[in-house]
Structure formats: C-alpha cells, structure tokens
Amino acid sequence: MSPETEHNKQPGATLLTARWVVGHRDGRHVLYENGEVVFEGERILFVGHRYDGPVTRRIDYGKALIGPGFIDLDALSDLDTGVLGLDHAPGWKKGRVWPRDYVEAGPVEMYSPEELAFQKRYAFAQLIRNGITTALPIASLFYRAWNETPDEFASAAESAADLGLRVYLGPAFRAGHSVVEDDGRLTVEIDAEQGAAGLETALAFCAAHDGTHGGLVRTMLAPDRIEFWTGDLLKRIADAARDLDVPVRLHCCQSGFEAETIRRRFDKTAPEWLRDIGFLSRRALLPHGTHIGGDGLRIIAESGATVVHCPLVMARHGAALERIPGLRLGMGTDTWPPDMILNMQLGLMLGRLMGGTTESPISADLYDIATLGGADALNRPDLGRLQPGATADITVIDLSGDRLGQLIDPISALMGSASGRDVHSVVIAGRFVMVDGVIPGFDFDAAHGRAQAQFERLVARYPQRTWQHPPLETIFPPSYPMVKP
C-alpha cells in the first residue's frame with residue numbers, strides 16, 4: 001500500500017508549478033521557465049504553459065526544479081560497509097575477502113532475517129529521500145553464507161510497495177568467491193552447482209513477483225560478479241533473461257584483480273569473453289566499466305549493453321570511466337550516501353578529467369544519464385521523462401535560499417552546488433511518497449539509530465572473517481590517535 005498524504009486523498013488532476021520544469025519534447029529534455037506539470041492517476045497529462053483543463057489541486061513550489069525521477073540501476077540497499085574501505089586498504093587484509101580458514105569452517109549469515117528486512121526498508125527510504133523513483137537494489141554478499149534469498153526479497157517487495165518506491169528486484173547469486181590463502185595469496189574458487197541452484201531460485205522469484213503490487217515491483221536477474229562464473233552458466237543466465245524479458249545485471253570491468261582473473265582463466269578481456277559466450281545484449285547492465293581495456297569500449301557499445309556509471313564509489317577506489325562517448329550509460333549510487341546529484345557532479349568532473357578537451361561531458365549529459373539513460377536501459381520509454389502519457393514519477397528539487405549561490409540555469413546548478421538534501425518532494429506512479437522531506441510512516445531519526453546499532457554489530461564481527469583475525473582496532477584504526485575519557 002503506497003503511503004497516504006493529504007495530496008493523495010483527493011481524486012482528480014494535480015497541477016504542479018515551479019520556476020523551472022524539465023519537460024520532454026522531440027526526443028530530448030527541454031526546460032520550461034515558470035512551467036506546469038499536470039498528472040492524474042499514474043499518467044502525465046500535460047507539461048508546458050497555461051493548462052486549461054480541470055484540476056483538483058494546484059501546488060506551487062516556487063524557486064524549484066520539477067523534473068523526472070532519477071533511475072538508479074545499482075541502488076544501495078545495504079548498510080554500506082564499503083565506506084570502511086575509504087582509509088583502510090587493501091581490502092583483502094580488511095575483511096573484504098574471505099580467508100581460507102573462514103571458508104573451511106563454513107561461511108555464516110551475519111545478518112538475521114529481521115536485520116535484512118530493516119536495512120532494505122531503511123535504504124529504500126533513503127533512495128526516495130534523494131529523488132530516486134526507480135531502483136535496482138545492490139547489497140554486499142561478503143556478509144552472507146552464499147546468496148541472497150527469495151524470502152528477504154519478498155520482504156523487500158513489501159517494503160518498496162509500502163514506501164511507494166518503484167523497484168526491480170532479484171536475489172543476487174554467484175558461482176564462486178575470492179579466498180585469501182594462509183600465505184596471503186588471492187585465489188578464486190568456482191562452485192558451478194551453487195551457481196546453477198542460485199539461477200533456479202532467481203527464476204522462481206521472477207515468476208512469483210514480476211508485475212506485483214500494481215506493477216510497482218518488477219524483477220531482474222543479478223548474477224553478482226563476472227569473475228565468479230563459468231561461460232556455460234552465464235550463457236544460461238543471458239538466455240533466461242531473454243526468455244523472461246527482464247534486465248540482467250553483472251558487475252564487470254571494475255578492478256585489476258577481476259581483469260587479471262578473466263585473462264588467466266579465459267585468455268580474453270571481460271568484454272571479449274562476454275561477447276563470445278553470447279551474454280551481451282540490450283538487457284545487460286554492467287557496473288562499473290572502469291577497467292574495460294583493449295577493444296572493450298567498442299564491443300560493449302556495439303552490443304547495446306548499458307554500462308552503469310557509479311562515479312562516487314569508483315572514485316573512492318581511485319578509478320573512473322576512461323571516456324563516455326559511444327557507450328549506453330545509466331547511473332548507479334552503489335554506496336553511501338545514495339545521492340544521485342552527488343554522483344552526477346562527480347561524473348561530470350571525472351568525465352572532464354578522463355575525456356580531455358574533445359570529449360568532455362556537460363551538465364545535461366549527466367542529467368540525461370540519470371533519467372533517460374536508466375529508462376532506456378530498462379526499456380521503459382514511460383520513465384525518465386515528463387511528457388503526456390509518461391508515468392508520473394516526479395522529483396521536486398528546492399533551489400531557493402543562498403546555499404546554492406548564484407544561478408541562471410537549474411541543471412548546471414545541480415552540478416555545481418546542490419545535493420540530495422535539496423530534494424523536497426517525490427511523486428511515484430502519481431502518488432506523493434515524500435512531501436517536504438517527510439515520508440509518511442517512516443521515522444528517519446529512529447531508523448538511523450537502529451541502523452547505527454546494526455552496523456556496529458556487523459563491524460564487531462570483522463575479526464571473524466578477516467585474514468589472520470587481527471583485533472578490530474588493527475583492522476580499522478582511527479584517523480588520529482583516539483583519546484578517551
């Protein structure tokens with residue numbers, strides 16, 4: 001049941017006005033100054049000036065930007081322990097890779113079912129808070145016994161529907177994992193039976209949940225990381241995605257270790273291998289693309305696959321996309337904070353650093369990627385744009401006050417000085433799911449306290465799954481010497 005607000009209790013058309021409206025005309029976004037957006041039910045009726053039809057309510061947001069909701073193809077749905085890697089490296093020494101004795105003892109679930117349910121609901125609320133209206137969740141498997149489970153994703157579907165978030169769900173599954181051997185070597189172990197079983201479980205989830213909750217919940221296949229698969233299994237997964245007509249997301253081209261592993265196992269680059277086994281298609285979503293190499297850019301571009309651009313998390317690891325032109329791109333957050341505006345800003349800056357003077361992106365390019373790019377990747381021409389007939393997924397961003405400095409153009413203002421904190425209100429499928437920063441039925445303060453306590457419990461277990469099992473203060477020393485009372 002989507003959240004109720006006073007705005008949702010009145011039938012009829014709603015007219016929104018603001019200083020700027022991002023409409024869509026002739027295949028591209030356009031800006032309407034002092035524009036209007038009218039929607040009724042789930043559909044946009046009008047975008048432009050001087051609507052002359054009947055309306056039930058009018059809402060003026062003043063100096064604000066009304067635009068399409070952001071689409072997050074790699075949306076954080078976890079309490080993000082990845083932020084612990086910001087100053088604590090290498091990851092294999094800091095609990096980010098299973099040590100051999102932990103594997104031999106049998107990996108354990110480090111979250112309870114209740115904790116898994118809470119963290120997804122908490123993360124989904126944070127996505128809405130940042131103006132994200134369509135999300136494909138991602139969470140770490142480092143803390144799981146093996147795969148994500150159908151039960152936790154059935155719970156996630158309920159949470160998404162309750163909050164009003166549009167989601168594509170599917171439990172992540174894998175056919176292997178990394179291991180730190182006793183002598184510090186990194187190896188990869190493959191278990192094809194586990195991978196095949198994970199695929200069957202994922203297919204059953206898709207059959208049971210696709211199109212539920214009034215279409216707010218769709219499904220996808222999420223086979224985790226490329227280096228943990230065999231060619232035969234990835235081909236089966238790609239065929240299943242085609243038969244079901246669902247997206248398939250595979251993390252690839254994201255690290256030196258992955259590139260070396262694929263080269264050693266198959267004597268090819270990751271794009272070459274994916275092309276040769278028939279995995280690449282317009283359904284394929286490929287985070288993160290920072291280690292494509294060789295002829296990979298052309299291979300991926302020609303296949304129609306979408307590279308999911310996650311600038312913030314990759315910049316933290318010292319990586320960035322080599323260049324943007326020629327690739328189909330969508331955006332992902334993948335880390336805390338799940339701030340799409342911040343990711344667009346970093347995407348703009350890193351794109352200029354990596355692209356040089358002839359291939360530098362502009363602000364509109366990143367806004368397009370976060371809206372149209374995600375919609376095209378999902379084959380959803382009704383999303384990512386505000387035009388008559390499109391789905392009423394709308395984000396209102398407050399541009400008033402002096403914190404943003406001086407501005408002329410609202411899109412460049414987003415890239416220059418705004419943040420996710422400036423998102424004021426969010427509409428998904430024609431329903432107000434957040435009004436003035438408030439999500440009905442969700443207490444951010446209480447949820448934050450619970451999230452912090454759950455995070456600390458998980459971190460306290462790091463020595464159990466860290467190579468040589470050092471104490472916690474050795475794994476994560478403070479930035480400066482800690483002085484306690």
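This is a predicted model: local features need pLDDT of at least 70, side-chain atom pairs count only at pLDDT 80 or more; totals for chains, interfaces and linings use all residues.

Trainee: In which sense do E7 and E10 pair, and which residue in E10 is the bridge partner of Trp98?

Mentor: E7 and strand E10, which covers residues 176-180, are joined over two bridges, and their sense is parallel. As for Trp98, its bridge partner in E10 is Val179.

Trainee: Turning to the rings, how many aromatic pairs does the structure hold, and why is the pair of Phe46 and Tyr51 tilted?

Mentor: The structure holds 15 aromatic pairs. For Phe46 and Tyr51 the ring centres are 5.2 Å apart and the planes stand at 45 degrees, so the pair counts as tilted. An angle under 30 degrees would count as stacked and one over 60 as edge-to-face, with the rest called tilted. Both residues, Phe46 and Tyr51, are buried.

Trainee: How many residues apart in sequence are the parts that the pair of Tyr143 and Tyr462 ties together?

Mentor: The ring centres of Tyr143 and Tyr462 lie 6.1 Å apart with the planes at 50 degrees, so this pair is tilted. Tyr143 is placed in the loop between strand E8 (132-138) and helix H3 (150-163), whereas Tyr462 is in the loop between helix H13 (444-460) and helix H14 (472-475). Tyr143 and Tyr462 are both buried, and the parts that their pair ties together are apart in sequence by 319 residues.

Trainee: Which charged residue has its end over the ring of Tyr462?

Mentor: Tyr462 belongs to one aromatic cluster with Tyr111, Phe142, Tyr143 and Phe476. Over the ring of Tyr462, at 5.3 Å from its centre, sits the charged end of Arg465.

Trainee: Finally, is His88 buried or exposed?

Mentor: His88 is found in the loop between strand E6 (70-76) and strand E7 (98-99). Leaving aside residues up to four places away in sequence, His88 touches Lys94, Ile475, Phe476 and Pro477. Its relative accessible area is 16%, and since the cut-off for that class is under 20%, His88 is buried.

Technical notes:
Residues are numbered from 1 along each chain as its sequence is written. Side-chain values use heavy atoms; hydrogens and water are left out. Helices (H or I, at least four residues) and strands (E, at least two) are DSSP runs, numbered from the N terminus. Buried means under 20% relative accessible area, exposed over 50%, partly exposed in between (1.4 Å probe, protein chains only). Contact means heavy atoms within 4.5 Å. Two strands pair if DSSP finds at least two bridges between them. Rings of Phe, Tyr and Trp (its six-membered ring) pair if their centres lie within 6.5 Å; planes under 30 degrees apart count as stacked, over 60 as edge-to-face and the rest as tilted. A charge sits over a ring if NZ of Lys or CZ of Arg is within 6 Å of the ring centre and within 35 degrees of the ring normal.
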